[in-house]
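Here is a short briefing on one protein model. Keep the sequence and the 3D view open as you read.

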Amino acid sequence: MSEIISIDVRDNSERQRIGRILGGRREEYAWFVNTYSQQVLDFTSRMIPDTEDAREETQDAFVKAFRSLASFEFHSSFCTWVCRIAYNESLNRLRRQQRHFVDIADIPAEEVDEELSTGREERIALMEEAIDDLPPDERLLLHLYYYEDRHLREIAYIMDAETNALATRLHRIRKKLLQMIKQKENE
């Protein structure tokens, strides 16, 4: 991945804390777990709806991050890095569960934008249902982009994808949502 995420002020203290952990003060890792565990759990829960499974994946992500701490290169915040690990671990779990995917029709972008932007309550309810029916990684992408208002480059880092590929994927997901909504309207 060639893009580097900007790092905020707290990262200097994270860098120092990681240096101390790598220097033998392993107990300092508890700070990262205490500081970021709820954010990572919230993130993981978007992909894995079962609470216990999401907690397990979150815990596994922190363990894996601890074991790989020496390879952390500070291209992002520690929290973003752990979210990336949690994302990959969650995807692996979901692949083992063999989720199915829906094909999309060739719908013009203008029609997608017009149809999805209607404010009718029935349409909004159908859209929420359709989003719930999406595979977890697509739900997560929508959530990070539209609800958390994250930049595509940060999402790309977390999901280990190219920014342009995610932009295309967002467009395809919107088309898929429209198809799913129309199908629900016809039921």
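A residue is buried when its relative accessible area is under 20%, exposed when that area is over 50%, and partly exposed in between (1.4 Å probe, protein chains only). By that rule Cys79, at 7% relative accessibility, counts as buried. The model is predicted, so local features need pLDDT of at least 70 and side-chain atom pairs count only at pLDDT 80 or more, while totals for chains, interfaces and linings use all residues. Residues are numbered from 1 along each chain as its sequence is written, and side-chain values use heavy atoms, with hydrogens and water left out.

**Cysteines**

- A disulfide is a pair of cysteine sulfur atoms within 2.5 Å. The structure holds 0 disulfides.
- Cys79 is in no disulfide, and its nearest cysteine sulfur, that of Cys83, is 4.4 Å away.
- For Cys83, the closest cysteine sulfur is the one in Cys79, and 4.4 Å is too far for a bond.
- Cys83 is buried too, with a relative accessible area of 2%.

**Helix H3**

- Helices are DSSP runs (H or I, at least four residues), as are strands (E, at least two), and they are numbered from the N terminus.
- The expected span of a helix is 1.5 Å times one less than its number of residues. Helix H3 covers residues 51–67, so its 17 residues should span 24 Å; its end C-alpha atoms are 24 Å apart, which agrees.
- The buried residues of H3 include Ala54, Glu57, Thr58, Ala61, Phe62 and Ala65. Seen down the axis, the buried residues fall within an arc of 135 degrees, so they line one face of H3. The arc is that of the directions from the helix axis to the C-beta atoms.
- The face turned away from the buried side carries the exposed residues Glu52, Gln59 and Arg67.
- Helix H2 (29–45) and helix H4 (78–96) are among the parts that cover the buried residues of H3.

**The nonpolar core**

- A nonpolar core is a set of buried Ala, Val, Leu, Ile, Met, Phe, Trp, Tyr and Cys residues joined through side-chain atoms within 4.5 Å.
- The largest one has 49 residues. Tyr29, Phe43 and Trp81 are among those with the most contacts inside it.
- H4 gives the largest share of this core, 10 residues.
- Contact means heavy atoms within 4.5 Å. Not counting residues up to four places away in sequence, Phe43 touches Cys83, Ala86, Tyr87, Leu140, Leu144 and Ile158.

**Aromatic rings**

- Rings of Phe, Tyr and Trp (its six-membered ring) pair if their centres lie within 6.5 Å; planes under 30 degrees apart count as stacked, over 60 as edge-to-face and the rest as tilted.
- The structure holds 13 aromatic pairs.

- Ser76 sits in the loop between H3 and H4. At 0% relative accessibility, Ser76 counts as buried.
- Arg93 is found in helix H4. At 11% relative accessibility, Arg93 is buried as well.
- Leaving aside neighbours within four places in sequence, Arg93 is in contact with Ile48, Asp53, Glu56 and Glu57.
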